[in-house]
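Please look through the following model with attention to its aromatic rings and its nonpolar side chains.

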Amino acid sequence: MLEPQRQLPWPSEASTDMNITIALVEDDAALATLLSYNLSAAGFEVEWVRCGEDAEEKLLGTAKHDLILLDWQLPGRSGIELLRQIRSTEPTERQPIIMLTCHNNSENRKRAYDLGATDFIGKPFSLHALMARITSLLDPQLKPAIAESR
């Protein structure tokens, strides 16, 4: 299971003005609640989407999210199908996408990367590792907010 978040990777006071939005596409309510809480505490705006059909409606054709956390196994439409659609649709074709999945093997990892996943994290995962990867992917956007807080 996930480790509880003990210390955020950057000051949360500065994060409130970041205006960085993350789409969290996850059907597991407990995991989504934990991730939403920690991402919000770190200053991100989080939009939780629970199923593939809703994700398709909210994500395709708009680049309003700075990053997408996408579960592989979703009801309705799979995360891997959504990944394929997102990558073939403007303006979402270049958005950072981190796949979150219990399908953590080299074949699935390769498939996700081949379809355009920016990163791949197998479940269970460390919350610290996820936050570090998000920070790394959004680094140019985060630097001004981090610098202002110091």
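In this predicted model, both Trp72 and Phe120 are buried. Phe120, at 1% relative accessibility, falls under the 20% limit and therefore counts as buried.

A pair of aromatic rings is described by the distance of the centres and the angle of the planes. With centres within 6.5 Å as the condition for pairing, the count comes to two aromatic pairs. The ring centres of Trp72 and Phe120 are 6.5 Å apart and their planes meet at 85°, so this pair is edge-to-face. It joins distant parts of the chain, since Trp72 belongs to the loop between strand S3 (67-71) and helix H4 (79-87), while Phe120 lies in strand S5 (residues 119-122), 48 residues apart. For Tyr113 and Phe120 the centres are likewise 6.5 Å apart, but the planes are at 45°, so that pair is tilted. Tyr113 counts as partly exposed because its relative accessibility is 36%. Trp72, Tyr113 and Phe120 together form one aromatic cluster. Another ring, that of Trp48, has the charged end of Arg50 over it, 3.9 Å from the ring centre.

The largest nonpolar core holds 20 residues, of which Leu35, Leu69, Leu130 and Ile134 touch the most other members. Strand S1 (21-25), helix H2 (29-41), S3, strand S4 (97-101) and helix H6 (127-137) each give two or more residues to this core. Leaving aside residues up to four places away in sequence, Leu69 touches Ile22, Ala23, Leu24, Val25, Leu39, Ile98, Leu100, Leu130 and Ile134. Apart from this core lies another, of 18 residues, including Leu59, Ile80, Ile97 and Ala117.

Note on methods: Residues are numbered from 1 along each chain as its sequence is written. This is a predicted model: local features need pLDDT of at least 70, side-chain atom pairs count only at pLDDT 80 or more; totals for chains, interfaces and linings use all residues. Side-chain values use heavy atoms; hydrogens and water are left out. Rings of Phe, Tyr and Trp (its six-membered ring) pair if their centres lie within 6.5 Å; planes under 30 degrees apart count as stacked, over 60 as edge-to-face and the rest as tilted. Helices (H or I, at least four residues) and strands (E, at least two) are DSSP runs, numbered from the N terminus. Buried means under 20% relative accessible area, exposed over 50%, partly exposed in between (1.4 Å probe, protein chains only). A charge sits over a ring if NZ of Lys or CZ of Arg is within 6 Å of the ring centre and within 35 degrees of the ring normal. A nonpolar core is a set of buried Ala, Val, Leu, Ile, Met, Phe, Trp, Tyr and Cys residues joined through side-chain atoms within 4.5 Å. Contact means heavy atoms within 4.5 Å.
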